[in-house]
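These are my notebook entries on a model of two chains. I set down what I looked up, entry by entry.

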Amino acid sequence: MSLTLAPHFTRYSMLRNVGFGTLLTDETFGVAVTKQMQRGKLHGRWMDGLNITAYLFWILSCVAGAFLGQWVANPEKWGLDFALIAMFVALLVLQLSSVSKNKIMHYLILIGYMMVIMYGLSYVVPSHLAVLLATVIVATIGVVTDK
Amino acid sequence: MTTTASMVWLIIGCALVTWLPRIIPFMFVRSVKLPDVVLKWLSFIPVCILSALVMENLLDTESKSYVTLDWPVFVTFVPTLIIALITKSLSITVVAGVIIMAAVRFIM
C-alpha cells in the first residue's frame, strides 16, 4: 500500500514521507487512492489531515467504546462489524467509477480472477496472507493482460 | 494482568514489524525512479487489494471443512454493492450496510 501511494509524495521531505507511512492504514489508503484516481494528484497536507483525523477518531472511538461497550453486549447483532466491509465495497465502487470506459472490462475480468484466486488461496493460507498473495498475483495478471 | 519486560519488547518488536514496511517504500521511492512497468503494476494494486479485502470477508473458511460463502455477509453484500453503485457515496453505503447487516442477522 505504501508503495502504491509513495510515488505521489516524492516531492515532500523524507521526514514528511516517514509521517505519511507511519500513520497510513488500510482505510486511509483506500480513501487516498480513490482521491488520487479522481483528482490525479495528492497533497501532503491533505494526506496528513486524512491520517490524523482517522487516528484521532480511532482513539476517540476506542475510548467511547470502552465506556459504552457495556450497553452493546453483542455488536455483531447490530451489524457494526459490516461497517468496514461496506467501506471497502464503496471504495472499490468509487475506484471503478473513476476508471475510463474502455478499461472497465479489463478491471472486471481482474476482479473475476481475484474471486477465483482468493477462493483457492483460502484453502492453503490464512486469509490475510491470501489477500496479499492474491493482490500480487492479480496485479501481475493485470500488467500482462493489459493492452 | 502483569506487564513483563519481555511483553514490552514483544510489543515494541511488533510495532517495528508493522512500521518498517509502511515507511520504507516512502523513503525508497524518493531516491529511485520506478520503471514504467512497476508503475503500471502499482496502478492495479488499489482495485486488487480492495476486491481482495471484500472477498476475504465474504468467505467462511472456518465453520466447514471446505471454504464456502459466509451467507449472512453475502446476503448483505449484494444490496450494499447496489447502494454503493447507485449513490457512489461512502457514508451512505456504510450506514446502509450496517443497517442491512443488523436486519439480516435479525432474520437469519
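**Entry 1. Confidence.** I looked up the confidence of chain B and found a mean pLDDT of 89, with 99% of its residues at 70 or more; pLDDT is the predictor's confidence in each residue, from 0 to 100. Within chain B, the lowest confidence falls in strand 2 (residues 68-69), at a mean of 86, and the highest in helix 3 (residues 71-87), at 93. I note that helices (H or I, at least four residues) and strands (E, at least two) are DSSP runs, numbered from the N terminus. I recorded an ipTM of 0.83 and a pTM of 0.83 for the model.

**Entry 2. Conventions.** The model is predicted: local features need pLDDT of at least 70 and side-chain atom pairs count only at pLDDT 80 or more, while totals for chains, interfaces and linings use all residues. Residues are numbered from 1 along each chain as its sequence is written, and chains are lettered from A and ligands numbered from 1 in the order in which they are written.

**Entry 3. Chain A as a whole.** I counted seven helices and zero strands in chain A. Its C-alpha trace spans about 55 × 45 × 30 Å along the principal axes. Of its 147 residues, 32% count as buried; a residue is buried if 20 or more other C-beta atoms lie within 10 Å of its own, exposed if 12 or fewer, and partly exposed in between, with C-beta atoms placed from the backbone. I then took the contacts in chain A between residues at least 6 apart in sequence, and 57% of these join residues at least 24 apart. Two residues are in contact here if their C-beta atoms, placed from the backbone, lie within 7 Å.

**Entry 4. Domains.** Chain A is divided into domain 1 (1-98) and domain 2 (100-147), with 22 Å between their centres, taken over C-alpha atoms. For chain B, the assignment gives domain 1 (1-32) and domain 2 (36-107), and their C-alpha centres lie 29 Å apart. The domain bounds come from an automatic or database domain assignment.

**Entry 5. Helix 3 against helix 4 in chain A.** At what angle do helix 3 and helix 4 of chain A pack? I found about 150 degrees between helix 3 (residues 26-39) and helix 4 (residues 44-68), with the axes 10 Å apart. The axes are lines fitted to C-alpha atoms, for helices over the stretch in contact, and angles run from 0 to 180 degrees between N-to-C directions. In this contact, A:Glu27, A:Thr28, A:Val31 and A:Ala32 of helix 3 meet A:Met47, A:Leu50, A:Asn51 and A:Ala54 of helix 4. By class, the residues of the contact divide into five nonpolar, two polar and one charged. Ala, Val, Leu, Ile, Met, Phe, Trp, Tyr, Cys and Pro count as nonpolar, Asp, Glu, Lys and Arg as charged, and the others, Gly among them, as polar.

I also checked A:Ile52, which is found in helix 4 of chain A. A:Ile52 counts as partly exposed because it has 13 C-beta neighbours inside 10 Å. A:Ile52 and A:Thr28 are 24 residues apart in sequence and 9.8 Å apart in space, C-alpha to C-alpha.

**Entry 6. The contact between the chains.** The contact takes 57 residues from chain A and 49 residues from chain B. Which helix of chain A gives the most to the side that touches chain B? I found helix 5 of chain A, with 15 residues. The side of chain A that touches chain B has 39 nonpolar, 15 polar and three charged residues.

Is B:Ser51 buried or exposed? B:Ser51 is buried, because 27 other C-beta atoms lie within 10 Å. Not counting residues up to four places away in sequence, B:Ser51 touches A:Leu92, A:Ile111 and A:Met114.

**Entry 7. Two further residues.** B:Lys88 sits in the loop between helix 3 and helix 4 (90-107) of chain B. Its phi is positive, at about 50 degrees, although B:Lys88 is not a glycine. B:Lys88 is partly exposed, with 14 other C-beta atoms within 10 Å.

A:Leu129 is found in helix 7 of chain A. A:Leu129 is exposed, with 12 other C-beta atoms within 10 Å. The C-alpha atoms of A:Leu129 and A:Ser100 are separated by 30 Å, the two residues being 29 apart along the chain.
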